[in-house]
Amino acid sequence: MREFGYRRASDVQGAVALLAADPRARLLGGGTNLVDLMKTGVERPALLIDVQDLPLDRIEVTPDGGLHIGATVTNSDLAADPEVRRRYPALAQAVLSGASGQLRNMATVGGNLLQRTRCGYFTDPAAACNKRVPGSGCPAIGGEHHNHAILGASAHCVAVHPSDMGVALAAFDAVVGYETADGPGELPLAEFYLPVGRTPHLETALPSGALITGLRLPPAPVAAVSRYRKVRERASFAFAIGSLAAALDVHDGTVREVRLAFGAVASRPWRARTAERALTGGPASAEAFAAAADAELAAAEVLPHNGYKVTLLRNLVVALLTELTELTEEAAR
Ligand SMILES: Cc1cc2nc3c(=O)[nH]c(=O)nc-3n(C[C@H](O)[C@H](O)[C@H](O)COP(=O)(O)OP(=O)(O)OC[C@H]3O[C@@H](n4cnc5c(N)ncnc54)[C@H](O)[C@@H]3O)c2cc1C
Ligand code: SF4
């Protein structure tokens, strides 16, 4: 590992000032992604600004009935929080499905949003990769891509975003709050991750020098009946090959409201708005769930080794929405 400086910030303004003073500085959350990438030379910051002591470690119910989650809240604390579990159970489940207990104790909300892709060419500095070195090429398209994107990718990059937490946050319309030397700002999660296009190295719409301060989750009564389902290649401690956050409100067999977000299919958590529109106001039946999934997945562009994800996501939608329908019916009895 190359030499680097280390500073521990005690307030947000101080951290932002340190960041603005050196374009080669990076913020350090739990370090579970950044330090790994520094070891292999993919990341080469000159200075790490540790955010652990910042007063951003609270989860609070907002006056409108939503939640505010600080950026330095650990994944473990987020998943264990009683208000998160009661109001947005899919979020707690998504976080618990990721990594291991030890990693979740270190990993933070801010760092989870900005964790980098697990594409093997990206993490190998000896390989070409447009995301790491713009214009160098994308070996994944003609090579190893069985876990890569089927939606919203481009000829320049087909990597997926690895976060489980982000998938549930997308379903619940989270808004990311940040601070820069010029003042605070907010970005809805739907606009936070940039489309891949020709510039896969530009991943988010965060202004340069921004420190994520936290997340705002608007009130969403439908989220109380929500679940996260993750498919992975081994039983634990693995990234998703496909995942789904779903919330459903059914009354007398009719879908009143539904939220659906897919994970491990695109460069960002994929809110399945086409499927949501197809389902709203219609019957809560397995046939309708399958048709809605097909409508969403009609946009899929598959590579030779990742076409299985279309079937996988379709089956996840049918299974999870059927389960949520049964849950609602049981609760009504
Ligand atoms: C073996 C292993 C398995 C894993 N499995 C999963 C999994 O199944 N699902 C999953 O979702 N994740 C998984 N993870 C990823 C893990 O969740 C992330 O590494 C973690 O969430 C990153 O958080 P962190 O606080 O450690 O970030 P760091 O490593 O500290 O930082 C990551 C990035 O975020 C930036 N950053 C950190 N905090 C802020 C802030 N407040 N404002 C602005 N920028 C900031 C850093 O500068 C860096 O660029 C796994 C990780 C490992 C090592
Ligand atoms: S898929 Fe993206 S991250 Fe992976 S090699 Fe291609 S450009 Fe790099």
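Start by selecting Asp-173, which is partly exposed, with a relative accessible area of 30%. Keep in mind that this is a predicted model.

**Stop 1: the partner of Asp-173**

Arg-259 and Asp-173 form a salt bridge, with 3.5 Å between the closest N and O atoms. The two sit in distant parts of the chain, 86 residues apart. Arg-259 belongs to strand β11, residues 254-263. Asp-173 belongs to the loop between α9 (165-171) and β6 (175-180). Is Arg-259 buried or exposed? Its relative accessibility is 11%, so Arg-259 counts as buried, the limit being under 20%. Asp-173, at 30%, is partly exposed.

**Stop 2: from β9 to α13**

Select Arg-229 and Glu-323 next. They form a salt bridge whose closest N and O atoms are 2.6 Å apart. This pair also links distant parts of the chain, 94 residues apart. Look for Arg-229 in strand β9, residues 226-232. Look for Glu-323 in helix α13, residues 308-332. Arg-229 is partly exposed, with a relative accessible area of 28%. Glu-323 is partly exposed too, with a value of 29%.

Now select a group: Asp-173, Glu-257, Arg-259, Arg-271, Arg-273 and Glu-276. Salt bridges with shared partners join these residues into one network. The pair from the opening stop, Asp-173 and Arg-259, is part of it.

**Stop 3**

The structure holds 21 salt bridges. For one more of them, select Glu-203 and Arg-116, whose closest N and O atoms are 3.0 Å apart. Which parts does this pair tie together? Glu-203 lies in the loop between α10 (189-192) and β8, and Arg-116 in the loop between α7 and α8 (139-142), so the bridge ties together parts 87 residues apart in sequence. Colour the two by accessibility. Glu-203 counts as partly exposed, at 22% relative accessibility. Arg-116 is buried, with a relative accessible area of 15%.

**Stop 4: helix α5**

Select residues 89-96, which make up helix α5. How many of its 8 residues are buried? The count is 6, so the helix is largely enclosed by the rest of the structure. To see them, pick Pro-89, Ala-90, Leu-91, Ala-92, Ala-94 and Val-95.

**Stop 5: two backbone exceptions**

Turn to the backbone angles. Most residues other than glycine have a negative phi. Select Phe-237, in the loop between β9 and β10 (240-251). Phe-237 is not a glycine, yet its phi is positive, about 60 degrees. At 45% relative accessibility, Phe-237 counts as partly exposed.

Then move to Asp-252, in the loop between β10 and β11. Asp-252 has a positive phi of about 50 degrees, again without being a glycine. Is Asp-252 buried or exposed? Asp-252 is exposed, with a relative accessible area of 71%.

**Stop 6: Ala-25 in β2**

Select Ala-25, a residue of strand β2. Ala-25 is buried, with a relative accessible area of 6%. Which residues does Ala-25 touch, leaving out those up to four places away in sequence? They are Leu-18, Leu-19, Leu-47 and Ile-49. Then draw a distance from Ala-25 to Pro-45. Their C-alpha atoms are 5.5 Å apart in space, although the two residues are 20 apart in sequence.

**Stop 7: ligand 1**

Strand β2 leads on to the ligand, as it supplies at least two residues of the shell around ligand 1. Show the shell. 32 residues surround ligand 1. The closest are Arg-26, Leu-27, Thr-32, Thr-108 and Asp-164. Colour the shell by residue type: 15 are nonpolar, 12 polar and 5 charged.

Now show the backbone atoms. Where does the backbone meet oxygen atoms of ligand 1?

- At Leu-27, a polar backbone atom is 2.5 Å from an oxygen atom of ligand 1.
- At Gly-30, a backbone N or O atom is 2.7 Å from a ligand oxygen.
- At Ala-99, a backbone N or O atom is 3.2 Å from a ligand oxygen.

End with the surface. Ligand 1 taken alone exposes 980 Å², and the protein buries 93% of that.

Note on methods. Residues are numbered from 1 along each chain as its sequence is written. Chains are lettered from A and ligands numbered from 1 in the order in which they are written. This is a predicted model: local features need pLDDT of at least 70, side-chain atom pairs count only at pLDDT 80 or more; totals for chains, interfaces and linings use all residues. Side-chain values use heavy atoms; hydrogens and water are left out. A residue is near a molecule or strand if one of its heavy atoms lies within 4 Å of it. A polar contact is a pair of N or O atoms within 3.5 Å; within protein, one must be able to donate a hydrogen and the other to accept it, and residues adjacent in sequence count only if both atoms are side-chain atoms. Accessible areas come from the Shrake-Rupley method with a 1.4 Å probe; for residues, only the protein chains shown count as cover. Helices (H or I, at least four residues) and strands (E, at least two) are DSSP runs, numbered from the N terminus. Ala, Val, Leu, Ile, Met, Phe, Trp, Tyr, Cys and Pro count as nonpolar, Asp, Glu, Lys and Arg as charged, and the others, Gly among them, as polar. Buried means under 20% relative accessible area, exposed over 50%, partly exposed in between (1.4 Å probe, protein chains only). Contact means heavy atoms within 4.5 Å. A salt bridge is a side-chain nitrogen of Lys or Arg within 4 Å of a carboxyl oxygen of Asp or Glu.
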